[in-house]
Amino acid sequence: VTGGCLLYLDFGQDANELMEPLDLARMNMRKFKGFRHIDPINVTAVDVNTVNPSAPDYMKPKLWYVIGLGTVHASHFIKFEENVPELPMRPLTLYFGMPLTQLIKQDVANSNLVSQGVANLINRFRYIYMKVEDSAFVTNNAQQLRDKLEFMSSAQDNFGVCPLKQTEDVQQLTTSLAGLSENVEQCYLLLSAKTDIPYTELMGKSAQGMDATGEGDRRAWYDKCRNIQSEHKQAILVMYGIVAGAISDGKFVVFEDYTFNPLEEATEKELAENIKAYTDVATALAGLGASPDSLVEWLKQFKQFHLDSIEFDTSTPGLEGYDDENPDDDPNGGGMLPNIKGEFKPGGAFAKSHEDITPKVLEAIKAI
């Protein structure tokens with residue numbers, strides 16, 4: 001609604017301390033009282049560099065004035081903002097992002113107008129006209145005619161019966177709704193275009209047309225979600241570091257990474273196919289001379305594979321005596337596992353003798 005907010009780190013400090021930079025490494029996290037959400041309408045920038053574009057703090061406020069707190073250094077806040085405008089527009093947006101409601105306000109209004117118009121049209125797409133004599137509009141006949149019309153209006157179904165005089169005639173006018181669905185859909189497509197949200201996600205409508213699965217739209221939407229996650233990851237790490245310190249020894253905890261929940265869960269079949277594909281790549285890289293230790297670490301970085309609980313032995317005894325080119329030479333001439341490309345090439349030790357490979361390595365190769 002506002003394009004962003006400030007998250008105040010409440011350590012119970014007084015006014016003088018709030019004007020000084022906050023050093024989380026020296027602060028006792030056990031004094032932490034909570035995160036306070038502050039909307040941009042309640043703050044204003046006090047000290048901003050607007051004259052030196054080469055400085056890293058250009059157009060980034062150093063001091064904020066917050067209603068109820070007074071002047072506060074920017075380090076006491078975690079800033080969130082979306083739809084960041086260009087630099088000339090930043091003062092007009094209170095140094096926050098552009099509200100999404102402002103960007104698409106007119107389009108939302110048009111969509112609401114179209115929705116209400118369609119509802120009104122559906123209720124009125126059929127009119128019934130009845131010819132009556134002039135005498136039906138005078139004296140007591142007018143009230144009787146009105147009662148008759150109200151009855152016809154309330155009983156307009158397949159089971160209603162209304163007798164007519166020989167002098168009365170009924171005509172029905174039906175409005176054509178051809179092309180209406182395309183016009184309505186176009187109004188919602190404008191919302192989808194301005195928000196970067198696929199129409200299939202925004203309206204919950206499946207893709208239309210031949211071979212239309214919506215996979216491309218879904219992938220683009222997930223990429224946008226990942227970008228948002230990457231933008232806010234550092235703020236999340238700081239927040240977790242404060243909370244972890246508050247419930248432990250009081251020291252700020254530095255977290256190196258935060259893993260978001262997957263946007264889409266793979267099926268068991270897809271997961272097995274992915275594991276096999278990546279292990280095939282690892283095997284090919286091993287054939288090119290890649291270190292087994294680095295390959296294991298590379299495979300473990302894919303959290304969805306759940307390889308952290310598996311122990312890999314990359315220094316199996318009895319295998320270090322194989323040289324890449326001449327496996328029959330001095331055992332100390334070359335190690336197999338540090339550089340195993342000779343094992344998988346034609347004529348290598350793997351091709352020459354299965355018996356010399358220990359069961360553990362053979363079992364790992366079979367698993368791959």
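Tutor: Two strands pair if DSSP finds at least two bridges between them. Strands themselves are DSSP runs of E, at least two residues long, and helices are runs of H or I with at least four residues, numbered from the N terminus. This is a predicted model, in which local features need pLDDT of at least 70, side-chain atom pairs count only at pLDDT 80 or more, and totals for chains, interfaces and linings use all residues. Residues are numbered from 1 along each chain as its sequence is written, and side-chain values use heavy atoms, leaving out hydrogens and water.

Student: What makes S1 and S2 a pair, then?

Tutor: The bridges do: 5 join S1 to S2, and the two strands run antiparallel. Against a cut-off of at least two bridges, S1 and S2 count as paired. Within that pairing, Leu7 stands opposite His37 in S2.

Student: Which strand order does that sheet have?

Tutor: The order is S2-S1-S6, an open sheet of 3 strands with antiparallel pairing.

Student: Why are S2 and S6 called edge strands?

Tutor: Strand S2 (34-38) and S6 each have a single partner strand, so one side of each has no neighbour in the sheet. On average, neighbouring strands here are turned by 25 degrees against each other, direction ignored.

Student: What lies across this sheet?

Tutor: H7 lies across S1, S2 and S6, and runs at about 150 degrees to S6. Such angles go from 0 to 180 degrees between N-to-C directions, with axes fitted to C-alpha atoms, for helices over the stretch in contact.

Student: How do you know that S4 and S5 pair?

Tutor: Strand S4 (residues 63-66) and S5 share 4 bridges in the antiparallel sense, and the requirement is at least two. Val66 stands opposite Gly70 in S5. These strands belong to an open sheet of 3 strands ordered S3-S4-S5.

Student: Why is Thr93 called buried?

Tutor: Buried means under 20% relative accessible area, exposed means over 50%, and partly exposed is in between (1.4 Å probe, protein chains only). Thr93 has 11% relative accessibility, so Thr93 counts as buried. It's found in the loop between S6 and helix H2 (100-103).

Student: And what makes Leu94 partly exposed?

Tutor: Leu94 comes out at 37% relative accessibility, so the label is partly exposed. Leu94 also has a phi near 60 degrees, a positive value in a residue other than glycine.

Student: What does the side chain of Thr93 reach?

Tutor: The backbone oxygen of Phe96, at 2.8 Å. A polar contact is a pair of N or O atoms within 3.5 Å; within protein, one must be able to donate a hydrogen and the other to accept it, and residues adjacent in sequence count only if both atoms are side-chain atoms.

Student: What makes something a nonpolar core?

Tutor: It's a set of buried Ala, Val, Leu, Ile, Met, Phe, Trp, Tyr and Cys residues joined through side-chain atoms within 4.5 Å. The largest one has 14 residues, among which Leu9, Phe11, Leu24, Ile78 and Ile242 touch the most other members. Strand S1 (4-10), strand S6 (77-81) and helix H7 (215-246) are the elements giving two or more residues to this core. A second, separate core of 12 residues includes Trp64, Val66, Phe77 and Phe96.

Student: Which residues is Phe11 in contact with, leaving aside its neighbours within four places in sequence?

Tutor: With contact meaning heavy atoms within 4.5 Å, its partners include Leu22, Leu24, Met27, Phe32 and Ile242.
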